[in-house]
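I opened the notebook to look up nonpolar packing and aromatic contacts. The entries follow the order of my checks.

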Amino acid sequence: MIAILFLPLTFVIVLGYAVAAVRAADEHPGQGPPPWRLYPGDGWVALALLLLTAPFVLVGMVVSNALHIAALWQSTGTLLDVEASTAAVLILALPWGIVVLLLMPHATARYAVTHRARDLFDFGSSLRSVRRDFAAWNVAVAAIVTAWALGLACAALFCAGVVPGVFYAILVSAHATAALNTEGTYQPAR
């Protein structure tokens with residue numbers, strides 16, 4: 001709970017647990033989640049996400065600067081900065097989400113099984129896997145997106161708090177990602 005509560009500081013630890021949850025869901029589908037502890041290789045998933053996110057951050061800065069027009073927002077100062085930055089984030093959130101959902105579920109499933117960091121960065125294989133089994137990927141992505149929407153809504157709608165919501169989203173995402181590796185062992189896409 002503490003790791004999720006301080007997510008900006010414990011991002012790598014939470015990602016390591018997410019990969020361990022994918023591995024556990026793949027190896028022992030009927031079992032519960034893995035115990036909470038530090039997992040080796042936690043930084044590789046963070047590095048892969050950083051690699052996918054960095055171009056969107058750079059484009060976001062350009063878009064934010066382009067939208068930093070006082071006449072457009074009818075405001076000045078800090079409020080103008082916030083409005084331009086928020087607009088840039090909202091414009092780029094969907095394309096970023098599509099890229100991450102196209103590449104990361106299969107990459108994470110491979111990495112969870114093989115323990116090889118290069119499987120996280122084999123984006124071509126991820127795209128071939130999506131093309132090969134689009135239906136399974138589509139169902140997995142629907143589960144992932146729904147879990148994160150419900151998990152984040154827990155804070156406001158259900159008054160349950162963001163910590164249980166994020167934990168729920170991690171576990172559902174892990175099961176959905178593990179389902180992409182239906183054979184329990186890594187099969188390279190052809």
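I started with the cut-offs: buried means under 20% relative accessible area, exposed over 50%, and partly exposed in between. The model is a predicted one.

**Trp 44.** I looked up its accessibility. Trp 44 has a relative accessible area of 39%, so I logged it as partly exposed. Trp 44 sits in helix 3. I then checked the surface: Trp 44, Leu 47 and Leu 50 make a nonpolar patch of about 300 Å².

**Aromatic pairs.** I searched the whole structure and got three. One of them joins Trp 44 and Phe 121 edge-to-face, at 6.3 Å centre to centre and 80° between the planes. Phe 121 is in the loop between helix 5 and helix 6 (123-132) and Trp 44 is in helix 3, so this pair ties together parts 77 residues apart in sequence. Phe 121 counts as partly exposed, at 27% relative accessibility.

I noted a tilted pair next: Phe 134 and Trp 137, 5.4 Å centre to centre, with 40° between the planes. Both residues lie in helix 7 (residues 134-156), three residues apart, about one turn of the helix. Phe 134 is partly exposed at 46%, whereas Trp 137 is buried at 10%.

**Cores.** Which residues have the most contacts inside the largest nonpolar core? I found Val 45, Leu 49, Leu 52, Met 104 and Leu 120, in a core of 20 residues. Helices 2 (7-27), 3 (42-66), 5 (77-114) and 8 (162-179) each give two or more residues to this core. Helix 5 gives the most, with six. Apart from this core I found another, of seven residues, including Trp 137, Ile 144, Ala 176 and Leu 180.

Notes. Residues are numbered from 1 along each chain as its sequence is written. This is a predicted model: local features need pLDDT of at least 70, side-chain atom pairs count only at pLDDT 80 or more; totals for chains, interfaces and linings use all residues. Side-chain values use heavy atoms; hydrogens and water are left out. A nonpolar core is a set of buried Ala, Val, Leu, Ile, Met, Phe, Trp, Tyr and Cys residues joined through side-chain atoms within 4.5 Å. Buried means under 20% relative accessible area, exposed over 50%, partly exposed in between (1.4 Å probe, protein chains only). Helices (H or I, at least four residues) and strands (E, at least two) are DSSP runs, numbered from the N terminus. Patches are made of residues with over 30% relative accessible area and no salt bridge: like charges are joined within 9 Å, nonpolar side chains (Val, Leu, Ile, Met, Phe, Trp, Tyr) within 5 Å. Accessible areas come from the Shrake-Rupley method with a 1.4 Å probe; for residues, only the protein chains shown count as cover. A salt bridge is a side-chain nitrogen of Lys or Arg within 4 Å of a carboxyl oxygen of Asp or Glu. Rings of Phe, Tyr and Trp (its six-membered ring) pair if their centres lie within 6.5 Å; planes under 30 degrees apart count as stacked, over 60 as edge-to-face and the rest as tilted.
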